[in-house]
Amino acid sequence: MGKDKKLCKWDKEDIQADFKKLKKLVKKPKYVCEKCGRAAREDSALCRPVELE
Ligand SMILES: [Zn+2]
């Protein structure tokens with residue numbers, strides 16, 4: 001999988017293969033994806049990031 005694949009696009013295989021990276025991405029989230037409902041610390045990890053209050 002590509003390094004810059006957005007968290008929104010991760011499937012089960014990606015999650016299993018890169019679980020450590022996933023934990024970093026979702027730790028203390030600052031953004032939530034308006035489209036997919038996933039949360040991440042970096043807006044670049046999401047396809048439609050909205051800042052969390
Ligand atoms: Zn998304």
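The mean positions of the 16 positive and 10 negative charges of the protein chain lie 5 Å apart; Lys and Arg count as positive and Asp and Glu as negative, without His and the chain ends. Each charge is placed at NZ of Lys, CZ of Arg, CG of Asp or CD of Glu. This is a predicted model, in which local features need pLDDT of at least 70 and side-chain atom pairs count only at pLDDT 80 or more, while totals for chains, interfaces and linings use all residues. Residues are numbered from 1 along each chain as its sequence is written, and side-chain values use heavy atoms, leaving out hydrogens and water.

**Elements and overall form**
- The protein chain has 2 helices and 3 strands (DSSP runs of H or I, at least four residues, and of E, at least two).
- Their order from the N terminus is α-α-β-β-β.
- The radius of gyration of the protein chain, over C-alpha atoms, is 10 Å, close to the 10 Å of the globule rule for 53 residues, so the chain is as compact as a globular protein of that length (the rule is 2.2 Å times the number of residues to the power 0.38).

**Sheet**
- The 3 strands form an open sheet in the order β2-β1-β3, with antiparallel pairing (pairing needs at least two DSSP bridges).
- β2 (39-40) and β3 (49-51) are the edge strands, each pairing on one side only.
- Strand β1 (residues 31-33) is joined to β3 by 3 bridges, and Tyr-31 stands opposite Glu-51 in β3.

**Burial**
- Of the 53 residues, 21% count as buried (under 20% relative accessible area, 1.4 Å probe, protein chains only).

How values were computed
Buried < 20%, exposed > 50% of the residue type's maximum accessible area, 1.4 Å probe, protein only.
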